[in-house]
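This report describes the contacts, the nonpolar core and selected secondary-structure elements of the model shown below.

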Amino acid sequence: MSSLNKSSFLRIFLSYLPIIMLFFSVFNEFDFNYLKLDYFAFNFVHLLIFFWTLRNPDQLGYLAIFFAGIINDVVIGIPIGISSFCYLILCSVTAYIRNITLSPNFMKDWISLLFTILLINSIQVIILDLVFLINVDYTNYLINSGFTFLFYPIFFLLFNFLNERISYQKND
Amino acid sequence: MATGRDDFVIAIRSAFLKKKDKQKFSLLTLIFLSLFVIILTNLNFKVIEFVKLGIKEVIYRSSYIVSIPENKLKKITSKLQLHMDLYESYQKELNNLENSEQLKLQNEFLTLENKKLRELIDESINSQEIFARVLIDKNSPYLKSVVLNKGTKDKVKIGMAVIDEVYLVGQIIEVNYSNSRALLLSDLNSKIPSVLEPDDIQAVISGTGSNFGKIEHTQIDYKESFNNKEIIAYTSGLGGLFKPGIPIGKIVNSSEGQINFFSDFTQLNYVKIVSYKLGGEK
């Protein structure tokens with residue numbers, strides 16, 4: 001009985017883990033830069049949304065992503081709605097890739113991530129700079145996009161492992 | 001060719017309009033909703049302002065609670081770093097201590113003299129200080145700012161100076177009921193009217209997005225007089241927002257006009273929010 005309860009708790013916890021990670025990271029806005037290296041920053045939320053909406057969209061709802069964007073905007077202090085818009089653009093790209101792909105391929109996903117993050121960061125810069133007249137550092141955005149792209153394989157392995165565990169628990 | 005275009009249209013339509021089992025809204029609906037939110041944010045209606053204030057209040061508090069583990073981790077890392085640098089910092093402090101006693105006496109005398117002289121010309125400066133705790137300090141790559149735990153209920157207003165010990169760290173740019181956001185000097189959007197001493201050169205200190213600032217809108221030949229001198233930037237008080245004479249930073253590389261801020265923005269825990277009045281002002 002106890003093992004059954006434990007298993008059910010684990011199943012529920014694992015199924016909500018992507019959402020927990022998403023909200024935890026937008027509330028924290030962490031960049032994992034504890035070494036205080038100049039310019040080192042990557043967007044964990046972009047990686048998280050990209051992976052889960054591409055590989056297992058049932059675990060990460062669009063409405064949750066929309067609210068996560070609103071929270072992110074308030075925490076980092078940019079006009080409300082911009083991050084939501086960018087996250088949903090990211091989702092639409094992954095939904096499109098999912099529709100045109102028969103068998104998922106890591107390399108294709110990785111390359112499409114690069115184009116997607118460049119696209120959404122460009123949209124964000126355009127909205128901030130041209131519409132809201134907030135000065136932004138283009139170098140920071142570019143380096144952030146670069147690191148986000150480079151870190152995808154590591155997080156792909158972690159998320160893929162988690163995704164397999166979720167599927168395993170579901171089918172168990 | 002036509003089939004290829006049809007496939008593309010079907011894939012796009014499916015991506016934007018199709019809902020998965022657990023999705024309650026289609027992507028297109030939410031994209032339009034977020035665009036609607038962006039437009040609403042731009043409008044300054046009272047109702048929208050109240051809703052925005054409410055959202056910010058809740059999210060800032062929640063973010064503070066969620067950030068507790070990460071902040072603990074940061075504190076541990078910084079403590080470890082301090083332990084590692086103990087000997088070096090001890091040597092530095094020893095050197096500083098030798099001069100500080102003399103400087104303290106000189107400073108006390110000059111402060112009293114300055115006060116007397118200001119009283120003579122009826123230009124006394126009365127400042128009001130509000131102590132605040134830093135709630136959120138994200139050092140985001142996008143906007144360099146901190147959220148403080150004092151807001152309109154504590155009479156905080158937009159434009160007030162934020163000071164760490166005696167050094168300027170930024171200014172208030174957004175005020176909610178119980179909290180406010182301060183833009184740090186290092187942000188690209190920060191511009192502070194300042195005076196470079198001892199040469200008394202007026203300049204504007206701008207943020208660069210990194211942990212240093214740069215000198216702008218000043219004399220073309222200002223670098224020539226800086227050779228082999230220690231140049232300190234203070235607030236000039238022009239514009240009437242800041243009290244004159246708040247230390248900002250030291251010029252380290254005059255050829256590039258680079259200025260290192262005195263305060264370490266990554267270590268802010270408690271700050272003072274300061275407003276000031278010149279003598280005779282109501």
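## Basis and chain contact

Two residues are taken to be in contact if their C-beta atoms, placed from the backbone, lie within 7 Å. The model is predicted, so local features need pLDDT of at least 70 and side-chain atom pairs count only at pLDDT 80 or more, while totals for chains, interfaces and linings use all residues. Residues are numbered from 1 along each chain as its sequence is written, and chains are lettered from A and ligands numbered from 1 in the order in which they are written.

The contact between the chains takes 42 residues from chain B and 41 residues from chain A. On the chain B side, α1 (2-17), α2 (27-42), α3 (46-66) and α4 (68-84) each supply at least two residues; helices (H or I, at least four residues) and strands (E, at least two) are DSSP runs, numbered from the N terminus. The largest share of this side, 9 residues, comes from α2(B). By class, the side comprises 20 nonpolar, 13 polar and 9 charged residues, where Ala, Val, Leu, Ile, Met, Phe, Trp, Tyr, Cys and Pro count as nonpolar, Asp, Glu, Lys and Arg as charged, and the others, Gly among them, as polar.

## Nonpolar core

A nonpolar core is a set of buried Ala, Val, Leu, Ile, Met, Phe, Trp, Tyr and Cys residues joined through C-beta atoms within 7 Å. A residue is buried if 20 or more other C-beta atoms lie within 10 Å of its own, exposed if 12 or fewer, and partly exposed in between; these atoms are placed from the backbone. The largest such core has 83 residues, and those with the most contacts inside it are A:I49, A:I65, A:L88, A:C91 and B:L148. Helix α4 (residues 82-100) of chain A gives the most to this core, with 10 residues. Because domain 1 (26-66) and domain 2 (128-282) of chain B both give residues to this core, it lies between them; the domain bounds come from an automatic or database domain assignment.

Leaving aside neighbours within four places in sequence, A:I49 is in contact with A:L60, A:I65, A:Y87, A:L90 and A:C91.

## Domains and strands of chain B

Between the two domains of chain B, 6 residues of domain 1 are in contact with 7 residues of domain 2. The domain 1 side of this contact has 3 nonpolar, 1 polar and 2 charged residues.

Chain B has 5 helices and 12 strands, and 26% of its 282 residues count as buried. In strand β2 (residues 145-148) of chain B, B:S145 and B:V147 point one way and B:V146 and B:L148 the other way, and all are buried. Strand β1 (residues 125-137) of chain B runs antiparallel to β2(B) and is joined to it by 3 bridges; two strands pair if DSSP finds at least two bridges between them. B:D137 stands opposite B:V146. β2(B) also pairs in the antiparallel sense with strand β5 (residues 180-184) of chain B, over 4 bridges, and B:S145 has B:L183 as its bridge partner.

## Helix α5 of chain A

The 26 residues of helix α5 (residues 106-131) of chain A should span 38 Å at 1.5 Å a residue, and its end C-alpha atoms are 36 Å apart, which agrees. The expected span is 1.5 Å times one less than the number of residues. The buried residues of α5(A) are A:L113, A:T116, A:I117, A:I120 and A:N121. Their cover includes α2 (44-55), α4 and α6 (138-171) of chain A.
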